[in-house]
Amino acid sequence: MNRIQAQYALTVLLQEKFTRSFINNVALGGTSGVMNGNGGAITFANVSSNCLLACDFIDNAAAEHGGCINYNQTPHNITFKGNFINNYAKYGGGINFNESMDNVVLNSEFIGNFAEYGGAICFGDMGKVANCNFTNNTASFGGVIFFIKNGTVDNSSFKGNKAS
């Protein structure tokens with residue numbers, strides 16, 4: 001496994017479209033800091049906006065938030081078109097949103113992700129999920145999605161997910 005601390009932090013969103021595969025990245029826990037143990041592949045420490053993330057995230061892990069991606073602030077006008085496969089974190093096996101989101105579109109597959117809260121996605125505030133397929137995701141709370149506050153799910157499919 002690559003022992004790197006959030007491989008790309010914020011600067012990637014200067015592009016309109018970002019395409020890449022993130023495989024076997026780990027964000028280890030530690031003392032403190034916005035990226036410490038958060039975002040196995042990417043942590044967005046500041047507000048991100050106006051981009052397309054067409055990425056595959058496979059076998060990534062974070063000690064705390066977002067096995068693949070962790071958003072510390074509200075993202076604006078972001079579209080996901082990716083695959084999140086076999087990722088782990090305490091909060092959001094695939095993606096963790098610490099705040100609410102503004103016009104974020106999730107057109108993605110979430111397969112075999114695991115977390116304590118939100119096997120695929122965890123929202124620290126309100127959120128909306130649409131056009132996703134969720135298969136075999138697991139969590140103690142919210143086998144697929146965990147909303148701290150209110151949330152909606154539209155036009156998505158669920159198969160073989162589990163909350164214990």
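Which residues do ring pairs link into a cluster?

Mentor: Ring pairs tie together Phe 22, Phe 57, Tyr 71, Phe 80, Phe 84, Phe 97, Phe 110, Phe 123, Phe 134, Phe 147 and Phe 158. Quick ground rules: this is a predicted model, where local features need pLDDT of at least 70, side-chain atom pairs count only at pLDDT 80 or more, and totals for chains, interfaces and linings use all residues. Residues are numbered from 1 along each chain as its sequence is written, and side-chain values use heavy atoms, with hydrogens and water left out.

Now the rings. A pair of aromatic rings is described by the distance of the centres and the angle of the planes. Here, rings of Phe, Tyr and Trp (its six-membered ring) pair if their centres lie within 6.5 Å; planes under 30 degrees apart are stacked, over 60 edge-to-face, and the rest tilted. By that rule the structure holds 14 aromatic pairs. Take Phe 84 and Phe 110: their ring centres are 4.6 Å apart and the planes sit at 10 degrees, so this pair is stacked. Phe 84 belongs to strand 9 (residues 83-85) and Phe 110 to strand 13 (residues 109-111), so the pair ties together parts 26 residues apart in sequence. Strands, by the way, are DSSP runs (E, at least two residues), and helices are H or I runs of at least four, both numbered from the N terminus. Both Phe 84 and Phe 110 are buried, where buried means under 20% relative accessible area, exposed over 50%, and partly exposed in between (1.4 Å probe, protein chains only).

Phe 110 has another partner. Its ring and that of Phe 134 have centres 5.2 Å apart and planes at 20 degrees, so that pair is stacked too. With Phe 110 in strand 13 and Phe 134 in strand 17, the pair ties together parts 24 residues apart in sequence. Phe 134 is buried, as is Phe 110.

Back at Phe 22, the charged end of Arg 20 sits over the ring, 5.5 Å from its centre. The test for that is NZ of Lys or CZ of Arg within 6 Å of the ring centre and within 35 degrees of the ring normal.

Of its contacts (heavy atoms within 4.5 Å) with a separation of 6 or more, 71% are between residues 24 or more positions apart.
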